[in-house]
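Colleague: I'm new to this one. Can you walk me through it?

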Amino acid sequence: MNTPAHRRATAAGLVALGLVACSFRNVQKEPAGPGFGEIMASIGARHAKLWFAGQAGNWPLTAYEIDELREGLEDVGKYHPTHKTVPGSVPRLTADMMDGPLDAIELAVKAGDKDAFVQRYDALTASCNACHEASKFGFLRVVRPSTNPFTNQDFRAAR
Ligand code: HEC
């Protein structure tokens, strides 16, 4: 049987099947936006840049990197309100662990106090690692960077 009516019915059936398949795919899709690990990789870069900016006494650059860290940590919670191994709410845990250390290092930057900066940088790093521990990613250990991999950026303060 291959009448025009039959062909129309077949075409309509195929369209309907296509729609069902599309909506099924949408349901299966991951949430839009960058992955948790992707955002963390850029947070890792900002964490390193913050160190070299502080070593150079480039306070405007340190302030900028602190803002970028805050934004990155906000994005993690925005795109991933929960995560398979993070206990509870990602935005809440992030705020609990990071707001204090970020505020503290910001004060050292505002005061232009290099010794306080170093001490608070280590405290900030310890908080990053505490969240990795709490999230069953304790094997991800962030440390003070030793050599600057960002050779395409001048970290010196403007004279
Ligand atoms: C909410 C808890 C939490 C906080 C706070 C946190 N992390 Fe993470 N981090 C994670 C989790 C979970 C992963 C693994 C994500 C994944 O891949 O699924 C991760 C992954 C990473 C990675 C690995 C990325 C890669 O591609 O290798 C780095 C680097 C990293 N974090 C740096 C940091 C730094 C630096 C800080 C502090 C400024 C920080 N993290 C704060 C939970 C956290």
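**Helix α4 and the iron site**

Modeller: Start with helix α4, residues 90-111. At 1.5 Å a residue, its 22 residues should span 32 Å, and the end C-alpha atoms are 31 Å apart, which agrees. The expected span is 1.5 Å times one less than the number of residues. Helices are DSSP runs (H or I, at least four residues), numbered from the N terminus.

Colleague: What should I know about the numbering and the model?

Modeller: This is a predicted model, where local features need pLDDT of at least 70, side-chain atom pairs count only at pLDDT 80 or more, and totals for chains, interfaces and linings use all residues. Residues are numbered from 1 along each chain as its sequence is written, and side-chain values use heavy atoms, with hydrogens and water left out.

Colleague: Where does α4 bend?

Modeller: At M98, by about 40°. A proline, P101, follows within four residues. The bend is the angle between axes fitted to the seven residues ending at a residue and the seven starting there.

Colleague: Which residues of α4 are buried?

Modeller: Among them are V90, L93, M98, P101 and I105. Buried means under 20% relative accessible area, exposed over 50%, and partly exposed in between (1.4 Å probe, protein chains only).

Colleague: And what covers the buried residues of α4?

Modeller: The cover includes α2, α3 (59-79) and α5. Contact here means heavy atoms within 4.5 Å.

Colleague: What comes just after α4?

Modeller: G112, with a positive phi of about 60°.

Colleague: New topic. What coordinates the iron atom of the ligand?

Modeller: M40 through SD and H132 through NE2, at 2.0 to 2.4 Å. Donors are N, O and S atoms within 2.8 Å of the metal (3.2 Å for Na, K and Ca); water is not among the atoms, so sites may look incomplete.

Colleague: Why does that pair matter for the chain, in terms of parts tied together?

Modeller: M40 lies in α2 (residues 36-55) and H132 in α5 (residues 114-134), so the pair ties together parts 92 residues apart in sequence.

Colleague: What else does H132 touch?

Modeller: Besides M40, H132 touches F137, G138, L140 and V142, not counting residues up to four places away in sequence.

Colleague: Where is H47?

Modeller: In helix α2. H47 is buried, at 4% relative accessibility.

Technical notes. Helices (H or I, at least four residues) and strands (E, at least two) are DSSP runs, numbered from the N terminus.
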